[in-house]
Each structure stands twice: as C-alpha cells, then as structure tokens.
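Please look over the model shown below.

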Amino acid sequence: MCGLVGICDTGGTRHSGEDVMRAMALQHDRGNGLGAGYAGHGIYPELPDHYALHLLFENRAALERTEAFIDAYYELERAEAIPTRRTDGIGKAPLLWRYFVQPNAKKLSDSGQREDDYVVYGVMHINTHFDGATVVSSGKNMGVFKGVGFPEEIGHFYRIEEYGAHTWVAHNRFPTNSQAWWGGAHPFSLLDFSLVHNGELSSYGINARYIKQFGYVCTLFTDTEVATYLFDLLVRRHGLSFEDACAALAPPLWSAIDAMEPAARERATLMRDIYGSAMLNGPFAIVLGTNSGMVAFNDRVKLRPLVAAVSGDLVAVGSEESSLLEVLNTPDYVWAPKAGEPVIARVGQPFDITTATLHTTAERSAA
Amino acid sequence: MSAVFDTNPATAAPIEGYRPVAPVVERDGATAVVDADHVYYRELNEAIQQLVADGVRDLTIRGVNGQRYIGNGLTETDLRIRIQGVPGQDLGMFLGGPVIDVDTNAQDGVGNTMESGEICVHGSAGDVVGYGMRGGRILIRGDAGYRVGIHMKQYQNQLPEVIIGGKARDFFGEYMAGGRLVLLDLNSQLAGPALGNYTGTGMHGGEIFVRGTVDACLCGREVGVVPATPEQLETIRPLVTRYCEAFGADADGIMSQTFTRIAPVSSRPYGNLYCSM
Amino acid sequence: MINYLQPEFHVDIDYDRCHKCGRCAGQCGWGVYSFVERPLPDDAKCRACHRCVTFCPAHCITIKRSDLAYRENPNWPIRARKGVWRQAASGGVLLTSMGSDAPRGSIFDALTLDACQVTNPSIDPLREPMETRTVIGKRPRALGERVPKDWAGRLTLSTPILFAPMSFGSVSLNVHKSMAMAAKRLGTFMNTGEGGLHADLYPYQDNVIVQVASGRFGVTPEYLERGAAIEIKVGQGAKPGIGGHLPGEKINAEVSTTRMIPQGTDAISPAPHHDIYSIEDLRQLIYSLKEASGYKPVGVKIAAVHNVGAIASGIVRAGADYVYLDGMNGGTGAAPAVIRDHVGIPVELALAVVDQRLRDEGIRNEASIIVAGSIKSSADLAKALALGADAVALGSATLLALGCHLCQSCHTGCCSWGLTTQKPELTRRLDPEEGAQRLVNLVSAWTHELQEILGALGVNAVESLRGSRDRLRAIGLDAQTCEILGVAPAGR
C-alpha cells in the first residue's frame, strides 16, 4: 500500500510545495516511513533550458567519479548541494547534489545521438557503472526530491515549500519487494517525466525484459522504474500521445475491443499486439508528472484507489478524496476515474471534463 | 490552495496532517458533538468509544476528513452517529447495530464485513461497499465504485441489503452469496449505463434489482437477467421506502417503474469445472 | 535364425472370469490373440497398447512386464543388448515411433512458478476477466511505424495452444477431422503436416495451417489458398536432419488422392528441401509462398539443434512470421531410434536461447515463437510461455487424448486405437465427433488451468506471463543451465 497525490495547475500558475505536502500528510498511514518523495515541474525558471541532474551519492568516491564524468560529457552551468534542513525522523542522508548542465556539443555531435537520448544514455551510464551514484532526476526545469522518511518529514527536509511548480506529484511509500533506500523512493524520473505509483506490477519481469530491448537498464529494483522508462519509450521515442500511451499500458479487455467499431477495433487490436509486453498488469494507480502537465490512470480492473477532483484551473488526483479536500476548496467535480481511463491535465489547456465519462454540472442542472 | 511561495522561513517542524490529540467534545446528556478537525483516527475513535461507553447515544462528529475506522465494531443498537465531512477507509467495519449517517461522500470499504445496523451516505461511496456483509443496511444516495456487495451473504435471519441511488461500476455483486442489492440509477454524476461489466460474476446466492433494463452482456454467466415480477419487486419495497425517507424521494413513483432482477441460476456455479485425479 | 529376443510383455488372462466373448481378439491390431473356445495370446506380438484391456467386459486381462531376468550389467542396459540382437538378425536401422523414451528427465519439471501473496493480489480467474487470446505473426515495433508492404496478416488464437502437424497418412483421416473440428470450436488451429489437405477438411480450412515439406505432397495453389497460414517444415524434433518415409502400405486411395501420388507407392520426404541449401534460399521459398498465397503468414518449423539461436534469427530475417521450435522429446510417426534419442536439444533450452537472441537483435516483434516437443500438461504450457513462447503445439498429447497409449508402434500401421493406421477396420474406431469433443475438453481444461496459474501470478492477460522469466525458479539445475534459461535458482 502506498499513497499518492498529483496536482496540476492547467493555467500554468506555479504553486508552493506546501499544499502537496499537506495533502500527503493526510495520507501518512498509507506509508510506513520507509520512503517518500516529491517532483516539481517548473521549479527552476531561472535555468529553464538546462538539464537539472539531481544526484544521490552513497560516498565521496561516487561523487568524484560522477563529477568527472559530468565534466567530460557536459557543460556545467552550476553545481550545488541540494538545500536541506535538519529534520527529526530523517536519518543519515546520502550526499545530495544537483548539476545544471548542457551536453558537450562536440561529444554530442560525435555520438550521433539525439540530445535527449544522449542525456538518457548518460543517466543509464551513471546508474549502472558508478557504484553508489544514482541519478534521481534529469529533466529540464524540474526536479525530484526523495528519501527514506514520511512525506511530511521528507518535504520538510528538502524545504519543498520553497519551490514553486505548476505540476507536483508526490508519494508515500510502503515498500514491498525492494529494501528501503533513498534511491528506491518515488518519484522515479527520466528527462522531464516523473512517476509515482501505488500497487505492484505483477508484470515487472516481462516489462523489464521488453524495455531492455530498447536500451533501458533497470537498476533500481522496483517496478516503478520500469513504468517510468515505458512512458519515456512510448511517448518520447515512439511518439504516442498520452492517451495512446495509457491505452497501450492499460489496454481495454478483448471483450471491450471486440465490441468496438471496426476502425477502432483494428487499432486497439494492433496496439495490444504491439505493446502486449509493455502492458502493466497487476494492481496500480500511477501519476505521471511532466513539464506539460499530468497524467493519472489505474489498472484495467481497478485494484488500487484513485480519486480525481477539479477546482477551477487545478486538477488534482490522489489515493483518497480526503487528501484532495485538504487542499482544494469546494471542488467543481470529484470522481473516481474508471479503470484504465486516464485523467490528463495539460498546462495551457482547460481540463476537458468530457474525457471523464461524467455528466457535467451544466448537464446535471439541465436534467 | 495557498498562494505561491507563501513560505514561512522560520518553519521549524514538518507540516502535521493529523494530530495525536484528544478531540474537543461538547456533551449534553446522551448527546455529544465531537470536533474531529485533524485529529488522528486513534484518538478520535478512542473518544467515540469512551463517549458511547458513558451513555452517549446521539453523537455528531464534525470536521471529519479521512479518519479511518469510524464506528468500527460498535454494537449499541440505539446509537446514532452523524458524520460531517468525508470519513476515511473502512467506515463502519464490523458494525453491529448502530446507525451511521454521512452528510457527504465516503471513501473505500464502507460497511466492510458489517453485521447489523445502518450506514447512510448522502453523497457517493468509493470501491468495495459492503464486502462480506452479513446483515444490516447500507444506503448510498449517489454513486458507488467497483465491487459493490462483493461476497455479501445471508445466514439464518440475517439478510444484508444495499441500495444505491445512482450508478455502480464493474463487478457489482461479484461472488454474491446472499442478500439484496438495489440500484436505482437516479442521482448519478456518471455518464453511461447504470452498471459496469462483470455484474454478478460468481454469484451463487441473493438477488440484484436494477431499475430499468439491463444488458445481459454486462453480467456474468452464472446469473439470469429477467424483468422482476410484481411479487419479487414487493420484497424491496421496505428498502426503497427507507431510502426515500432518508434522502427525500417518492417511493411509490420509484416502485411503479420496471425493474430487472439478476439472480444466480445455480448455487453451485462451478460444479462441472473440475474432475478428480 | 533363432530369435534371441524374448517377449517384453506377458498377457495375463484370468480365465475364471473370462466371458469367452472374443472381443479381445477382435480389438487387437497386432494379432496377439487366436481364439479357440477362449482367447489364446501370443505374448511376443503384444505392444502393451491396452486396447484389449480397455474393451474386455470382464476386466480379466492384465498386461504385465515380462519378469524374465537378465544378468545385471549397468554398462550394458537391456535396451542396448536388444538393439544389438535385433540388428544382428536383420541388418536394419532400428525404427521407432512417438517421442524418445530415453530417461533424460524434463527441464520443465525442474522449474517452478511464482504466486502472489499480500504485496500484490492474486486474481480470481473464475470471476474476473482472464485473457488467453494470443496473436501469432509479425507486429511493428511501435505504433505508427510503417510496416513493409509484404508483412502478412496474423493468426488469432483464443488460447495459446495449437494442434501440432501430423500428416494424413501417418495418422488417419478421422484424426485429422477430430483436430479440425476441435480447432474450429476452440478458435485455434490444426496443422496438416506434410500430407496435404483432404477435401473433408475444407469446411474447417480457416482453422488449418497447411504445411509444405521437402516431399511437397499435396501442395497445390489451391492448398496454399485454403490454409489460414503456411508452414515450411525444415525439421522435426524427433528426427532432426532426417527425412520421412511413409510406407506404401499406408498409401490407400484417400491418402493417394490427398497426397497426389499413386496408391501403394512409398511416399518419401527428402532430408532437406532441395530448393533450400542455404538461408537465402529459405527466404526465396518464404516469399514464393507469400506471393502464391496472397501474403498469408508463413512459419518455419525446425528441430531444436545446437545452434538454434542463430538459425532462428536467420529464419526471422528471412521473413518468417513465426518460428516453430520442436524439441528433442517431440513425437514422430516413424524415426530411426538413434536419431530420435541422440540428436538435438531439449525445447526448453532452445526456446530460452531463441527468445533471448531475437530480443538481443531487436527483432522479437518480427516473429512469434511456437514450441513443441513433449508439452505434457498446462504446467509445461505455462512454463514455456514464461520462458518466452507465444504458443505451444500438442502432438503426442493430441494423440493421447484420442486414445493413444504410447506403445511406440505407429510405424507398423497397425494402431489398434485406429489413429496411426489407414486400415479401414481400425480407423473407424475413432468417431471424429467424439474425438473432437475429447480435444475440446483437453484444451479447455488446460486453458482453465492456465487461467488459474495467471490468477495466482496476479496477472489477467497471457501477455504478462509471456517472457516473464522472473516468475520462474529452478530446482536442481546447474548454474550454467540456469543462466541459459535466464532463470534464477529457487530461493533467490
């Protein structure tokens, strides 16, 4: 069991991390103090075009090796310790640093890679080759802050309220299969995507083998990592829309596909056919934060809770309605999305309530 | 939401969600009001149990938001609990007699393994309403989530009943072994059919009544889907009447409409599935 | 010459209980019984097929293993001594049928499956959806990727189980009819084997894969047109590198018409396809079949041999829509014992290697993998899927379902159960309707069991088991075998 929250301001206004912390604090009992974290999108407006590498080092040697690698392959704009403060309940933290970088132009050109692939390759390299170093996040104008503790403690430790983001995702962890360590907390992140997850992917084995074919190496011993990479593969590299990506990862049942109109049926069949090994199976609720908004969805038969609410420009999702009510005043809509039906909030676009198979308030007052 | 960067740099301690403190109580004889605002569930439920043991029989809990296990295991049949705000998971689990009234929505696990009494939710409820319920009554004015009435069962004189004013999602009455589920499809914010898929899969006892017609393809192979006869419909009149009392609706008007009855075709749906070695 | 070989079995009849009805004599296809007031068995002819035992109304027949003692010598097992005696008497190649009886054990049996407890829930397969639909064929790597125009359609199976290729000729027409009817009712496929498609099967042609082997029996444009897919048979697990030989006695009028060869002549399948001497020739044949058939899926069946990873990769790159791997324990209608028992590798290892090789090369999406070679239960099925198979094919299990008792005498053409014979008095023993029902029952039961396994694994679609090797653990396999299988030892 875990707790999660995602909040997106579709108007693009940046909000302090305090609210997401308050929402998480209300889900204290969904975790056990062995992991919590936050991702904020839009938090570095002063350096919006640099990759913000958030790193966690178990020891000094890992830091030195990684910094040598960064020096060799990137142009470093700024390096600094991530600001923290002493917090009761948080034990010994690893070394926490962030680096604002651009790829070294010559090395990038020599590699023949796209810029984003070059960065992904670097992340995989650090995670797999430098013992004790973990890239926590690597996107532009976003960052992940996570560790071992309860969400209110981790938020306090990282001074989350001092950051402003248009999209926040947060997580409270009750670890199951992997041991508690700072890198194992959620969110997991690659480039601009950050992902939190409640539940467990019973399909981890084949998901990890599938993603490996595309060069992703799962090093963090958790199914959430694989889900993050799958979104990167499907959306960034295969060019799928968020709607299609969700339909690939939590596809309709064959019985539903068989009942579709021919064109839709053919497409849905092809999608299952192509992405069968990517299908996330088992109970889950997932919230993905991106620099363009937020995506939340459930497993195909709704085995983990997910509640959504809309209040003006704000779209919020969470494991429990109460945690959303803690930060949204009298929401316009509160609903539990259907199994597999994604809630997609885009910065710069008002939320489309018709995607939620709900009667709108206008329809209800007319009726 | 708070304003951007509304930060207090002097903040010395983490934000608190719930506080482990005794709630403020105003008591007047057998009536009491408890202020649950951000009180941790353990202290809240301890206070409730203490008040009930002291003879309080009309209890209002205000400022509720997400506290779990309210009413858990209480057995006083003359006790009434009014909840203001959204109660947390497992509301009224193992409830054995009291009446619980919620003025807005409820979360997952309402009436889990309930024994007797009544839970009345004026908004909508989350997933798994009435799991393993053996008796008593649950009234939901709005919608309910997935797996309502899963493995409800009846035993001797106990017959659990759930009535939902709006719509419900998939797996309605899954494994149902007894009791009654009634779905009115009246006050819903959900678009689409009244019922989700896989209704009554594994059902081997009890009955489901749905206002209007039901597409049999939404139901499991184990059930028959036919219009309810007037005699069958009469069996739910007391439940519908109680619903209308609670939420203000016209019982005769509802009862005059057509209903579909979903009931198992066999009490042993898997008798032929196995062969012995 | 004196026959050195003593009977393997002893037919024991309790004459006190015997009805003297003579049914045993009538049922035996091997001529074991003469009947003089009571049945008199000749032990030497008995194959232990149990046809007589099954039909004896008095239950008074027991087939016993001969307890004739031989001098113990672990270095010279009785099997080996008998082989020498037989060959010294005849000068012949030892011929046998069905799968190898060498006691090697099964790798599947050394693998165990995972299940969910608490951290992720198991799923109730009886009440929740549990999807077994399987699609065989090529698929693009990504949605929106342009696929080559020559990519064929795909086969959709309701469950990842097919009937393995067994030719009309090696088996009876009633066996073919049983499989065809069952395939249609189940929503899966039967496979003609290399003996052509009898006209009686035309109504079921949408559920038939037609095979093209080195003998090209019955292969016509119409045959290619009728099949749902086409399979090039390169090899067979029981006899890798060996051709086929259907004796003239089995070529009756019906077989003759279907195979389009004269009645009574031997039907010889050469060891290789003489238009495939190298991989580029395979590509040529695959595309020739696609051209001729309007681009139907074309699969390639090979025996599991040492270099199977590279071979399979070549097959996929040559354009095949699926690779069919037949392991060394696979069955046969007739094969030299030396080949059957000593050539090839187990299908579990071949599958593990091929699945991984195709992934490493980034072409796993370009072909499905079907495996066969002694799939004995739904457990083998589930383990094969977890190792990476898309589907399994049942040959021996299909014949067993129809009555076969694995007496390993198919090559004699005297099958008392009427399966691997063309003698009308024997073939009529199988009622195709009843045969189809038995096959539907078997596949349905295995599918239910697969659903139980998926539910225990906490997944509700077969694609989440396929290739998920971390749901397998090995007990008692050596480290290197574990590494090849990509499976951790139990406890880790």
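C:Lys20 is partly exposed, with a relative accessible area of 35%; partly exposed lies between buried, under 20% relative accessible area, and exposed, over 50% (1.4 Å probe, protein chains only). C:Lys20 has a positive phi of about 55° although it is not a glycine. This is a predicted model: local features need pLDDT of at least 70, side-chain atom pairs count only at pLDDT 80 or more, and totals for chains, interfaces and linings use all residues. Residues are numbered from 1 along each chain as its sequence is written, chains are lettered from A and ligands numbered from 1 in the order in which they are written, and side-chain values use heavy atoms, with hydrogens and water left out.

**Backbone**

- C:Lys20 sits in the loop between strand E1 (9–13) and helix H1 (23–27) of chain C. Helices (H or I, at least four residues) and strands (E, at least two) are DSSP runs, numbered from the N terminus.
- Most residues other than glycine have a negative phi, and most peptide bonds are trans.
- B:His38 has a positive phi, near 60°, and is not a glycine. Its loop runs between strand E2 (31–35) and helix H1 (41–53) of chain B.
- B:His38 is buried, at a relative accessible area of 19%.
- A cis peptide bond, with omega about 0°, joins A:His186 and A:Pro187. A:Pro187 is in the loop between strand E10 (167–172) and strand E11 (188–190) of chain A.

**C:Ser100**

- C:Ser100 lies in the loop between strand E5 (95–96) and strand E6 (111–113) of chain C. The residue is buried, with a relative accessible area of 16%.
- The side chain of C:Ser100 makes a polar contact with the side chain of C:Asp341 (2.9 Å). A polar contact is a pair of N or O atoms within 3.5 Å; within protein, one must be able to donate a hydrogen and the other to accept it, and residues adjacent in sequence count only if both atoms are side-chain atoms.
- A polar atom of the C:Ser100 side chain lies 3.1 Å from the backbone nitrogen of C:Ala102.
- Beyond its neighbours within four places in sequence, C:Ser100 is in contact with C:Met328, C:Asn329, C:Gly330, C:Arg340 and C:Asp341. Contact means heavy atoms within 4.5 Å.

**Helix H7 of chain C**

- H7(C) covers residues 279–293, 15 residues in total. From first C-alpha to last it reaches 21 Å, close to the 21 Å expected at 1.5 Å a residue. The expected span is 1.5 Å times one less than the number of residues.
- Its buried residues include C:Leu282, C:Leu285, C:Ile286 and C:Leu289. C:Asp281 and C:Lys290 are also among them.
- Strand E11 (208–212) and helix H8 (308–317) of chain C are among the elements that cover these buried residues.
- Just after H7(C), C:Gly294 takes a positive phi of about 75°.

**Chains A and B**

- 48 residues of chain A are in contact with 37 residues of chain B.
- The area buried between the two chains is about 3,500 Å², and carbon and sulfur atoms give 49% of it. Buried area is the accessible area (1.4 Å probe) that two parts lose on being put together, summed over both.
- Two salt bridges are counted between chain A and chain B. A salt bridge is a side-chain nitrogen of Lys or Arg within 4 Å of a carboxyl oxygen of Asp or Glu.
- B:Asp127 and A:Lys302 meet in a salt bridge (2.7 Å, N to O).
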